[in-house]
Amino acid sequence: MKTLFNLSWRVMIGAAALASGAAMAAYPDKPVRIVVPYPPGGASDTTARVLSQKLKEVTGGTFVVENRPGANGNIAAELVAKSPADGYTLLMANVGPNAISQTIYPHLNYDVNKSFAPIGQTTTVPIVLVAGPKVRATDIKGLVAEVKANPGKYTFASAGNGSSNHLVGEMFKSGLKLDMMHVPYKGDGPAMTDVMAGQVSMMFTTAVAARPYVTGGKLKLMAVASKKRVPAFPDAPTIDESVLTGFDASSWGGLVAPAGTSPEIVKQLNTALTKVLAMPEVKSKLATLGAEVVATRPEEFAGYIRSETDKWGAVAKSANVVAE
């Protein structure tokens, strides 16, 4: 009888294991949401839509994009952080809600390092410094000299208090000991319009956003904020190589799931994501956004998020930046 009981118990355990394995192998067996923290049409949204289409091809599952803009991306991040950890709700993460917000929002309802299970980084997007007619200099060294010779007379615009380009500006200002005033706007569009009009001296923005205005002669490209030069502007020096060693700032994107998502699902998603990011048509499409494909393992992305949180947290604290 004891032998029969042990045999039956082993059969039950084996059946449960097989059922569990079959369920895991079937993932995803219902639509997976990729939540985007911004409205349709932007770089994060376009990236998510490219990924969702190709992830469907690779996995055989359905991936749908859901836009949840608001509060500098925090609404979407909180939604995903509080979703079931079953692999069916993912966040198109980026530097704002997944690094900067941790420091500048005193009552943030999630933790950028504890509330998510990183799947993999997808892209980096170069940031550049552009200037309008208020700046006479035509290169970065001349700009720095001009600002230093006229303390308090120059300004830099941003998409809003606590935005990524605000903190990049603060890091630039602090590192070079420049006396400039920050002018926040409600979005990059109106900020760039006033830089072109000479109402504000300069601003940091993505290379893809700046390109039509630089090539059209409405803005002067002074330097690249990331450590590598940008293929679209091969003659533009980096801030690191020209005026401030160690300066490095870029936007980035990636996929994360709610904390507690099983390692097996995270691994499965990372494997699929890596295959998608290796596709030439995906690289080509993302390049049109000014983005460089970066495919990383989950643990690498987790480490990168921690380092970005620490870096921008230090900048925000030094400049006393608190979100409005």
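1. Conventions. Residues are numbered from 1 along each chain as its sequence is written, and side-chain values use heavy atoms, without hydrogens and water. As the model is predicted, local features need pLDDT of at least 70 and side-chain atom pairs count only at pLDDT 80 or more, while totals for chains, interfaces and linings use all residues.

2. Largest core. A nonpolar core here is a set of buried Ala, Val, Leu, Ile, Met, Phe, Trp, Tyr and Cys residues joined through side-chain atoms within 4.5 Å; buried means under 20% relative accessible area, exposed over 50%, and partly exposed in between (1.4 Å probe, protein chains only). The largest such core has 53 residues, of which L143, F172, M202, F247 and W312 touch the most other members. Domain 1 (32-125 + 251-319) and domain 2 (127-224) both contribute residues, so this core lies between them. The domain bounds come from an automatic or database assignment. Another core, of 30 residues, lies apart from it and includes Y27, L255, L286 and L289.

3. M202. Contact means heavy atoms within 4.5 Å. Leaving out residues up to four places away in sequence, M202 touches, among others, L129, L143, V147, F156 and M180.

4. Helix α5. Helices (H or I, at least four residues) and strands (E, at least two) are DSSP runs, numbered from the N terminus. In α5 (residues 140-149), the buried residues are I140, L143, V144, E146 and V147. They cover an arc of only 160° around the axis, which puts them on the same side of α5; the arc is taken from the directions from the helix axis to the C-beta atoms. K141 and A149 are exposed on the face turned away from that buried side.

5. S115. This residue sits in the loop between α4 (96-104) and β4 (116-131). S115 counts as buried because its relative accessibility is 15%. Its contacts, not counting residues up to four places away in sequence, are A81, Y110, A257, P258 and A259.

6. Strand β4. Of its 16 residues, 16 are buried, so β4 is largely enclosed by the rest of the structure. Strands pair if DSSP finds at least two bridges between them. β4 runs antiparallel to β9 (residues 250-258), with nine bridges, and V125 has S251 as its bridge partner there. Two bridges join β4 to antiparallel β10 (residues 292-293). With β7 (residues 202-206), β4 forms five antiparallel bridges, and L129 stands opposite F204. Four bridges link β4 to antiparallel β8 (residues 220-224), where A131 stands opposite K220.
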